[in-house]
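Hi everyone, thanks for making time this morning. Please have a look at the model on the screen, and then I'll walk you through a few of its details.

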Amino acid sequence: MQAPSPLRHLARFVRFPLTLTAALTASLLAAPPPAAPAPGPLTLWYRTPGEASVTNGLPVGNGRLGALVAGTVATDQLAICEQTVWSGGPFDFNNPAALAALPEARRLLFAGDYARAHSLIGRNLVCKWDLTERRNFGSYQVLAFLDLAFDAHAAEATDYRRELDLATATARVSYRLGDTTFTREVFASAPDQILAVRLSADRPGALSLLASLSRPREPEAVADAKTIATRTDTPRLTAEGANGHSVRVRLNRNAEPDGLRILARLRAVPTGGTVTATDAGLRIEKADSVILYLDGATDFRGRDPEADTAARLAAAIAKPFSRLQADQIADHRKLFDRVALDLGSSPTSALPLPERLAAVKAGQPDPALAALYFQFGRYLLVSSSRPGGLPANLQGLWVDNFRPPWQSDYHTNINVQMNYWLAQTTNLAECAEPLADFIDTLVEPGAHTARIHYDAPGWTVHTMTNVWGFTSPGSSASWGLFPMGGPWLAQHLFEHHDFAASPDPAFLRRHWPALRGAAEFILGWLVEDPATGKLVSGPSNSPENRFTAPDGTPTSFCMGPSMDQQIADDFLGRFVVAAALVDQDADLAARAASARARLRAPGIGSDGRLMEWAGEFTENDPAHRHVSHLFALHPGRAITPDGTPELARAARLTLEGRGDGGTGWSLAWKVNFWARLHDGDRAHALLLNLFNPVSSRTTSMRHAGGSYPNLFCAHPPMQIDGNFGGAAGIAELLLQSHDRTPEDTVVINLLPALPSAWPAGSVKGLRARGGFLVDMEWRDGRLVRAALTSTTGQACRVRYRDTTLDLKLAPGTSHFFAPSSAP
């Protein structure tokens, strides 16, 4: 969605001229920025402008506040995003009819009467979803747009360049008009919690423009099966003081604008020239340079957006700009610089990003593109998920309209979990804290859902959730009946502890109510299969997939789909270990161990593949994007080539049957699968498919997945999970630590799936379970040396091909490993 040009605002101008004194200018502003550096290995760069869209804009963010930078010349636009800008509100979506239907649904499925079971489940095991409910679920939305309309920019620009520097988290635009070079820098400061835009020219007095905030009124919707009728509030644009502009609006909750209050504020501080505040924006005349400070907020969870934004902007403006920028870069690099990856380069590596993507599709080698994609995923997590905030959603932090795909919510049947697969391995554990805290907020509403729908203890969430605590099944059971979403989410709490730099289980204790509740739900949800005596989950689906039952019914529902069984096995096993660590709930842990021993294990079909459902049913979509029945291969740990070779062979055949196509995030998951099977070249082929260039105009799911021009993952439409999952997959190719010895010692596997396309390279700073930091260097496809540093003093077994070494290092000490030095 494009906002109206700021020149089209019809508000009456109220002028407040402001000329900064030389002393004030000197105290606030740094010297003009140096010339932009040559493109480096951590730079996305372009020869042409983009758009303020999720498929073309360059993303910056501080975890809470972000922007998509277009970089157009005469009239530029930035889409501004703030993580709490959600329509809707808290509401009870739970459906009492579900519990009444549950026993009969189970009986019918056990009896093989899929036709009647499908009808009963479809009518009853869903949430309430009439107009009122749909309005209250809400949607994540763009906060506002920053519009820049420049004077005297009609001529064609030369020497144009647009770039995103991942190392400094700064977007830049530069171009020449005549004999004047214009430069723009955009960054989001985490220490100061604001966005900063610096505009400059190398000729004094060359900058004249109108800078304004805008937020078009949300379109009226029509009440039908897919959209919701609402009345919308009209955004109020106002001048603030001598150099400020703001936009305020009340979001929708029901049919009225009675949801969150949102506010965006803009301040301009020029060097030279003047600034005039009007209701239409800030008119800047004949400045040498100008810094635009921007902040936004809502009253989510009782915050005061007026006071919060005023205080943050005042503090930021009071700082010298050089210090503001230096603090931002230092904060970013404290996280980002923990890992360095070098996979080599080629002549293609020097090209602008769209040309690189096209060259790789044409078969040109570019190993540096994989390293860039890896670091871009880490950059996006740092930029969209910081302690104290909300977790990254389906689009991370960045949207460009009021109705993003799937409400830009938190899908819990793969997507939000995939968002955080890279957090621990790529040394960004703090960035996973928002997910852990978010899980805690789901415990209370999820317990209500468990009681109302299933008369079960504990808590859960199904296929999707939002910031308002939605935990019910979806409006259609075919995709929305996934009761194991809660335990899958809670698996991340165990992962955080397994990687932690300290063996202290304080993290587990802090989140124990969520872990205990997930275990209680599993034990209350499992039922005995009357034919086998085994425990199974259900009714449930294998996320979003369908099969044809023996009675000819196309359906999604069965008892004991493989993914549910694998999640239950993984979670209950981890819970037993964790309960002993925190010395709590011994009785519950004993019940968990007993139930785990009775779980029905997924079977291998007559074709040698792992079975997705309870029986060997006919697949309706053999190439389906979800490969849910391989959870035990990844992100689980029950299937390994060495420990369970028969299951690993079945997993390989399953992947070959699914094929190497799919949506962007599906391709990313397959990279991880093949890495776990130690097939680096097949994983690399999937990675190349993930780099497949997709037009910024392509949003249809019918199109193959890949990468948009700004390197965001194309589902299509844009979903950020593929970026995160792809980066996690690259880490899995280089380092794995999910396996354990019979004595439960972590096994650190070095270069377990190195692609032949990366014959030489190095990586520093990856993390392994057990609290280890790992550096490696390799040449000619073989490990040259590795350094392992222990932060916890735990034992480990190091494996490289057929070489193993058992280690137990003191905390803070390192071991330098080379294959020839091992016994």
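In helix H13, Pro487, Trp488, Ala490, Gln491, Phe494, Glu495, His497 and Asp498 meet Met563, Ile567, Asp570, Phe571, Arg574, Phe575, Ala578 and Leu581 of helix H16, where contact means heavy atoms within 4.5 Å. Sorted by class, that contact holds 10 nonpolar, two polar and four charged residues. For the classes, Ala, Val, Leu, Ile, Met, Phe, Trp, Tyr, Cys and Pro count as nonpolar, Asp, Glu, Lys and Arg as charged, and the others, Gly among them, as polar.

A quick word on where this comes from: it is a predicted model, local features need pLDDT of at least 70, side-chain atom pairs count only at pLDDT 80 or more, and totals for chains, interfaces and linings use all residues. Residues are numbered from 1 along each chain as its sequence is written, and side-chain values use heavy atoms, with hydrogens and water left out.

Back to our helices. H13 covers residues 485-499 and H16 covers residues 562-582; their axes come within 10 Å and cross at roughly 40°. Helices (H or I, at least four residues) and strands (E, at least two) are DSSP runs, numbered from the N terminus. Axes are lines fitted to C-alpha atoms, for helices over the stretch in contact, with angles from 0 to 180 degrees between N-to-C directions. H13 and H16 are therefore oblique to each other; angles under 35 degrees count as roughly parallel, over 145 as roughly antiparallel, 65 to 115 as roughly perpendicular and the rest as oblique. Their crossing is left-handed, meaning the near helix is turned anticlockwise from the far one by less than a right angle (clockwise would be right-handed).

Now a second pair. Helix H19 (residues 664-676) and helix H20 (residues 680-690) have axes that come within 8 Å and cross at roughly 165°, so these two are roughly antiparallel. H19 also passes H20 in a left-handed crossing. Among the H19 residues in this contact are Leu667, Val671 and Trp674, and H20 brings residues including Leu686, Leu687 and Leu690. The contact of H19 with H20 has nine nonpolar, two polar and two charged residues.

And which residues have the most contacts inside the largest nonpolar core? They are Leu146, Leu292, Phe575, Leu734, Leu750 and Met776, in a core of 234 residues. A nonpolar core here is a set of buried Ala, Val, Leu, Ile, Met, Phe, Trp, Tyr and Cys residues joined through side-chain atoms within 4.5 Å. Buried means under 20% relative accessible area, exposed over 50%, and partly exposed in between (1.4 Å probe, protein chains only). Helix H8 (residues 367-384) gives the most to this core, with 11 residues.

Let me finish with some loops. His511 sits between helix H14 (506-510) and helix H15 (512-525) and, at 1% relative accessibility, counts as buried. Not counting residues up to four places away in sequence, His511 touches Ala436, Asp437, Asp440 and Leu493.

For those who like checking backbones, Gly538 to Pro539 is a cis peptide bond, with omega near 0°, and another cis bond joins Pro716 and Pro717. Leu711 is not a glycine, yet has a positive phi of about 75°; Leu711 is buried, at 0% relative accessible area. Arg801 has a positive phi too, near 55°, but counts as partly exposed at 46% relative accessibility.
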